[in-house]
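Work through the exercises below with the sequence and the model open. Try each task before reading its solution.

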Amino acid sequence: MFTQVKLSYDFNALEPTIDELTMVTHYTKHHAGYTNNLNAAVEKDVSLKDKTIGEILKNLDAIQDVKLRTTIRNNGGGFVNHNLYFSTLSPTAVKEPSGALADRVRKDFGSLDALKAELQTQGAGRFGSGWAFLVAFKDGSLKVVTTPNQDSPCMEKDGGVPILGIDVWEHAYYLKYKNLRAEYLKEFWNVLDWSKVDENYQKAVS
Ligand code: MN
């Protein structure tokens with residue numbers, strides 16, 4: 001049984017960057033929906049029993065029923081992507097990475113500002129619904145990628161591990177920012193807790 005990450009803050013705690021109604025709807029409707037649908041879907045294929053979500057998403061091709069495979073791709077992706085997203089937000093966000101991640105950001109992007117700009121540009125440029133991710137590889141290197149829908153980089157054999165995910169679906173920002181996705185992406189950094197991204201990086205490269 002897959003469960004939503006517990007929020008370490010209240011629904012209104014990320015105001016004014018992310019408004020309370022967006023948070024309530026996003027967590028208790030969208031994310032809960034993906035999670036419930038995933039749990040119902042894995043029940044339908046005994047070969048998925050006891051597998052981790054990472055194992056399932058890495059081996060989607062092994063799911064024989066094409067319709068079930070699509071359901072698990074969409075809802076399993078939605079499940080992991082939102083667990084990542086919500087767990088890296090905080091009303092008392094640490095505003096920059098430290099240690100090994102800080103060093104690697106400088107090496108691969110030149111500066112933290114350059115990395116943020118890359119995530120904003122790629123997130124704004126993702127047509128329709130999707131995600132912008134910072135992905136880490138075993139050799140320590142970093143890459144910015146985007147995916148459509150609820151796809152996750154971890155669905156690909158060599159996709160690396162997403163350590164930061166920015167939801168660019170309209171449901172993540174439309175109530176407050178309306179059509180201005182770029183504004184949401186600019187403000188997003190107010191609530192992104194780099195100490196959580198540090199932790200994710202350590203796990204990804206260890
Ligand atoms: Mn979402």
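**Exercise 1. Describe the metal site.**

Task: State how the donor residues of the manganese ion are spaced in sequence, and name them.

Solution. 
Step 1. The spacing of the donor residues of the manganese ion reads H-x55-H-x84-D-x3-H. Donors are N, O and S atoms within 2.8 Å of the metal (3.2 Å for Na, K and Ca), and a site may look incomplete since water is not among the atoms.
Step 2. Helices (H or I, at least four residues) and strands (E, at least two) are DSSP runs, numbered from the N terminus.
Step 3. The protein donors are His-26 (NE2), His-82 (NE2), Asp-167 (OD) and His-171 (NE2), and they lie 1.9 to 2.1 Å from the manganese ion.

This is a predicted model, in which local features need pLDDT of at least 70 and side-chain atom pairs count only at pLDDT 80 or more, while totals for chains, interfaces and linings use all residues. Residues are numbered from 1 along each chain as its sequence is written, and side-chain values use heavy atoms, with hydrogens and water left out.

**Exercise 2. Describe the largest pocket.**

Task: Find what lines the largest pocket and why it lies between two domains.

Solution. 
Step 1. On a 1 Å grid over the protein atoms alone, a pocket is an open set of points with protein on both sides within 12 Å along at least five of seven lines, where a 1.4 Å probe fits; lining residues have an atom within 4 Å of a point.
Step 2. The largest pocket holds about 480 Å³ of space. A volume is the space filled by probe spheres set on the points, and grid points are joined across faces, edges and corners.
Step 3. The lining has 20 residues, and Val-80, Leu-84, Cys-154, Val-161 and Pro-162 lie nearest the centre of the pocket.
Step 4. α2 (53–58), α3, β3 and α8 (194–205) each supply at least two lining residues. The largest share, six residues, is from α3.
Step 5. By class, the lining has ten nonpolar, seven polar and three charged residues. Ala, Val, Leu, Ile, Met, Phe, Trp, Tyr, Cys and Pro count as nonpolar, Asp, Glu, Lys and Arg as charged, and the others, Gly among them, as polar.
Step 6. Domain 1 (20–87) and domain 2 (99–205) both give residues to this lining, so the largest pocket lies between them. The domain bounds come from an automatic or database domain assignment.

**Exercise 3. Examine the salt bridges.**

Task: How many salt bridges does the count come to?

Solution. 
Step 1. A salt bridge is a side-chain nitrogen of Lys or Arg within 4 Å of a carboxyl oxygen of Asp or Glu. By this rule the count is four.
Step 2. Arg-73 is in helix α3 and Asp-151 in the loop between β2 (142–148) and β3, so the pair ties together parts that are 78 residues apart in sequence.
Step 3. Arg-73 is partly exposed at 35% relative accessibility, whereas Asp-151 is buried at 13%.
Step 4. Arg-104 forms a salt bridge with Asp-108, with the closest N and O atoms 3.1 Å apart.

**Exercise 4. Find a positive phi.**

Task: Where is Asp-50 found, and is Asp-50 buried or exposed?

Solution. 
Step 1. Phi of Asp-50 is near 70°, a positive value in a residue other than glycine.
Step 2. Asp-50 is in the loop between α1 and α2.
Step 3. The relative accessible area of Asp-50 is 72%, so Asp-50 is exposed.

Conventions:
Buried means under 20% relative accessible area, exposed over 50%, partly exposed in between (1.4 Å probe, protein chains only).
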